[in-house]
Amino acid sequence: MMERTIDSTFANSLLKARPADGHKGTFGHALIIAGQYGMAGASVLAARSCLRSGAGKVTVCCPQKNNDILQMSVPEAILRHDVSATHFSEPIDISGYDAIAIGPGLGTSAETAQALHEQLLAIKSSSSRCPLILDADALNIISQNPSWAADIPDGTIITPHKGEQKRLRDANINLERFILVDKGHPTRIILPTHDVFTCPYGNSGMATAGSGDVLTGIIVGLLAQGYEPQDAAILGVTLHALAGDAAAADLGPHSVIASDITEHLPQAFSRIF
């Protein structure tokens with residue numbers, strides 16, 4: 001087992017070169033399944049952060065009633081409407097996507113839970129081996145249906161906060177198959193090999209609603225660009241924390257909101273470079 005504290009030099013070593021002649025297809029297409037009606041903000045935060053992290057395209061799978069909010073808040077995003085007006089109700093075809101994130105603001109209704117399970121089975125059986133990150137309500141659903149954890153592909157990134165992690169562990173779910181982003185201060189990335197990477201950056205201003213949605217968006221954006229899941233988790237956590245520090249420096253930690261973290265991602269990239 002190895003333990004390492006992340007610094008900007010190490011983070012820089014993980015950064016991929018960005019070809020000068022690249023186009024939007026070069027930098028990947030991310031799918032985000034998130035945001036039941038009333039929680040559209042979660043999908044907005046994740047989608048904007050995905051794009052800010054350098055992904056070429058992002059599609060948001062959303063209920064029909066979230067259309068106007070997303071079209072106005074994230075005009076760069078492609079929308080794929082669920083048949084339901086209010087929630088995620090059936091799995092979708094994942095062909096053509098380079099990375100998938102599921103969970104922010106998703107809801108935990110019985111129909112959504114069943115749709116999630118069917119989506120996981122589709123991802124697991126797909127020949128494309130599309131990398132996956134699970135967050136928030138996706139993890140809450142799994143903790144309520146622990147036998148479904150076996151249908152999550154090995155090496156999936158999971159990003160539970162302390163309460164979600166406790167529910168998963170109380171359900172006797174083996175988290176060692178996954179890349180665990182143990183959110184907190186400091187945040188740790190724990191690999192299936194038991195190697196641990198600790199991020200020393202971040203501040204109390206980041207303890208605000210939506211901060212986790214931003215992190216999910218950053219990580220899926222990196223996955224879409226072809227980063228290995230381990231590197232996407234480490235680099236994503238570092239960028240998130242450095243952006244939070246830049247936001248707190250500008251605004252003070254009391255006044256940081258989640259969207260401020262997204263808006264300060266350019267400063268985070270600059271610090272790593």
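Mentor: Let's start with terms: two strands count as paired if DSSP finds at least two bridges between them. The strands themselves are DSSP runs (E, at least two residues), and helices are H or I runs of at least four, both numbered from the N terminus. Keep in mind that this is a predicted model, where local features need pLDDT of at least 70 and side-chain atom pairs count only at pLDDT 80 or more, while totals for chains, interfaces and linings use all residues. Residues are numbered from 1 along each chain as its sequence is written, and side-chain values use heavy atoms, with hydrogens and water left out.

I'd look at β9, residues 187-190. On one side it runs antiparallel to β8 (residues 179-182), joined by 3 bridges. Asp182 has Arg188 of β9 as its bridge partner, and the hairpin from β8 to β9 goes through 4 residues. β9 also pairs with β10 (residues 196-199), again antiparallel, over 4 bridges. There, Thr187 sits opposite Cys199 of β10. The β9-β10 hairpin has 5 residues between the strands, and His194 in this hairpin takes a positive phi near 75°.

Now zoom in on Ile189. Contact here means heavy atoms within 4.5 Å. Setting aside neighbours within four places in sequence, Ile189 touches Ile179, Leu180 and Val181, plus Asp195, Val196 and Phe197, and also Ile6, Ala233, Ile234 and Val237.

A nonpolar core is a set of buried Ala, Val, Leu, Ile, Met, Phe, Trp, Tyr and Cys residues joined through side-chain atoms within 4.5 Å; buried is under 20% relative accessible area, exposed over 50%, partly exposed in between (1.4 Å probe, protein chains only).

Stepping back, the protein has 10 helices and 10 strands. Its radius of gyration is 17 Å, close to the 19 Å from the globule rule for 273 residues, so the protein is as compact as a globular protein of that length. That radius is taken over C-alpha atoms, and the rule is 2.2 Å times the number of residues to the power 0.38. Of the 273 residues, 57% count as buried.
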